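Come along and check each entry against the picture.

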Amino acid sequence: MLHIGCHLSSSKGFAAMGRQALELGADTFQFFTRNPRGSKAKDLDPADAAALVELMAEHRFAPIIAHAPYTLNLCGAEERNRAFARETMADDLRRMEHVPGQYYNFHPGSHVGQGTETGIAYIADGLNAILREDQTTTVLLETMAGKGSEVGGRFEELRAILDRVALSGKMGVCLDTCHVSDGGYDIINDLDGVLTEFDKVIGLSRLKAIHLNDSKNPAGARKDRHACIGEGCIGLEALARVVRHPALKDLPFCLETPNELPGYAREIALMREQAEA
Ligand code: FE
Ligand code: FE
Ligand code: ZN
C-alpha cells in the first residue's frame, strides 16, 4: 500500500498531528520542528511524543519527516549564522529522539557567493559537528531547485556532502519532485533516466522519502514554486508514475502542495487511487 501524507501544522503537538493524519487518510506526515525563523521550540511533552509513537505503531505508519526551519543555513557566510544552524539542528535532533527512528529533513543551504565547493565543505563540517553515533533519527538532505546560490540542485552536490560526512550511515536523501524538475531533471518524460542517474551518482539506497509536488514552472526553471497535484507543469500522469515506480513505491510520500486540509485529503485519496491504477 502507498504510504502518503502531507505537511501538517505542529501547533497542537505530536499526537494531534497523528490524529489529523488519520483523518486525512494519511499514514505519514511532515511538520516543521519550529517556526521558520528558527526561534525557540515549544517545551516538549514526553507523554505527547509517546502517544504519537503508539498511534503510529497501531496504524502502521511509515516514518514521518521532521523538517528543519528553511531559514537555517549551515553554509552561511558568517560563523554566527552557521553556529545558529548547527545548534538549532542539534536541538531538533535531541528532541526527535522522543519519537525514535524517524527522518529529519533539511535544505542543505545557500553558499551566498562563497561558491559551491565552500558551501559543501561547511555543510559537511556542520553535519560532522551535529551527528551522534547513538541517534536513531536519519538526517535527510533535500534535493533543491538550484535557485540562487542553493547547494543541492545537482545530485553530485549531495553526493559530495555525503562523501565528507563521517557518520554517513545516519544520512539519506529526500527527493522533492518540484525541486528536481525545476532543477532540470526530466521526471516528466524520463523518470527512469533520472532515477538511473540518481542511483549512479548517489545510490538509490540513500533515497528515504519523496516530497510529492507539482510545479508552477517548467523543467529547468530553478524557481521552486509548488503547485497542487495535476495543476502544474509536471502533471498528474507524471506524478502517478512516481508513486507507482517499483524503485520508489515503498517510500513515504509527502505532499507539500498549496492546500488546506480538505485539499490534502483529496490529493491523498487521488494518489492512493493512482497507485492502484
Ligand atoms: Fe523542504
Ligand atoms: Fe520539499
Ligand atoms: Zn520547495
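Before the first entry, one working term: I call two residues in contact when heavy atoms of theirs lie within 4.5 Å. I also keep in mind that this is a predicted model.

**Entry 1: Arg-34 and its surroundings**

I began with Arg-34, which sits in the loop between E2 and helix H2 (46–58). Which residues does Arg-34 contact, leaving aside its neighbours within four places in sequence? I found Ser-39, Lys-40, Ala-41, Pro-69, Thr-88, Asp-91, Asp-92 and Arg-95.

Is Arg-34 buried or exposed? Its relative accessible area is 9%, and under 20% counts as buried, so Arg-34 is buried.

Next I looked at the polar contacts of its side chain. One of 3.0 Å joins the side chains of Arg-34 and Asp-91. Another, of 2.5 Å, runs from the side chain of Arg-34 to that of Asp-92. I then noted that a network of salt bridges links Arg-34, Asp-91, Asp-92 and Arg-94.

**Entry 2: other salt bridges**

How many salt bridges are there? The count comes to twelve. As a reminder to myself, side chains of opposite charge can pair when their charged atoms come close.

I picked out Asp-27 with Arg-272, where the closest N and O atoms are 3.4 Å apart. This pair links distant parts of the chain, 245 residues apart: Asp-27 is in the loop between helix H1 (14–23) and strand E2 (29–32), and Arg-272 is in helix H9 (residues 261–276). Asp-27 has 4% relative accessibility and counts as buried.

Then I turned to Lys-200 and Glu-197, a salt bridge with its closest N and O atoms 3.5 Å apart. Both residues lie in helix H7 (residues 191–201), three residues apart, which is about one turn of the helix. Lys-200 is exposed, with a relative accessible area of 65%, whereas Glu-197 is partly exposed at 22%.

I also checked Asp-250 and Lys-249, which form a salt bridge with the closest N and O atoms 3.6 Å apart. Asp-250 is exposed, its relative accessible area being 56%, and Lys-249 counts as partly exposed at 38%.

**Entry 3: the metal ions**

Which residues coordinate the iron ion (ligand 1)? I listed His-67 (NE2), His-107 (NE2) and Glu-142 (OE), at 2.1 to 2.3 Å. Along the sequence these donor residues follow the spacing H-x39-H-x34-E. His-67 in strand E3 (residues 65–67) and Glu-142 in strand E6 (residues 138–142) are 75 residues apart, and the pair links distant parts of the chain. I found both His-67 and Glu-142 buried.

I moved on to the zinc ion (ligand 3), which is 5.2 Å from the iron ion (ligand 1). Its protein donors are His-179 (NE2), Asp-224 (OD) and His-226 (NE2), at 2.0 to 2.2 Å. The spacing of these donor residues in sequence is H-x44-D-x1-H. His-179 lies in helix H6 (residues 177–182) and His-226 in strand E11 (residues 226–227), so this pair ties together parts that are 47 residues apart in sequence. Both His-179 and His-226 are buried.

**Entry 4: the nonpolar cores**

Last, I went looking for nonpolar side chains. In soluble globular proteins, these tend to be buried together.

How many residues does the largest nonpolar core have? It has 71, and those with the most contacts inside it are Phe-29, Phe-106, Leu-127, Leu-212 and Phe-253. I followed up Phe-106 and, not counting residues up to four places away in sequence, saw that it touches Ala-68, Leu-74, Met-89, Ile-123, Leu-127, Val-139, Leu-140, Leu-141 and Glu-142. A second, separate core has six residues, among them Ile-65, Leu-140, Ala-209 and Cys-254.

Terms used. Residues are numbered from 1 along each chain as its sequence is written. Chains are lettered from A and ligands numbered from 1 in the order in which they are written. This is a predicted model: local features need pLDDT of at least 70, side-chain atom pairs count only at pLDDT 80 or more; totals for chains, interfaces and linings use all residues. Side-chain values use heavy atoms; hydrogens and water are left out. Donors are N, O and S atoms within 2.8 Å of the metal (3.2 Å for Na, K and Ca); water is not among the atoms, so sites may look incomplete. Helices (H or I, at least four residues) and strands (E, at least two) are DSSP runs, numbered from the N terminus. Buried means under 20% relative accessible area, exposed over 50%, partly exposed in between (1.4 Å probe, protein chains only). A salt bridge is a side-chain nitrogen of Lys or Arg within 4 Å of a carboxyl oxygen of Asp or Glu. A polar contact is a pair of N or O atoms within 3.5 Å; within protein, one must be able to donate a hydrogen and the other to accept it, and residues adjacent in sequence count only if both atoms are side-chain atoms. A nonpolar core is a set of buried Ala, Val, Leu, Ile, Met, Phe, Trp, Tyr and Cys residues joined through side-chain atoms within 4.5 Å.
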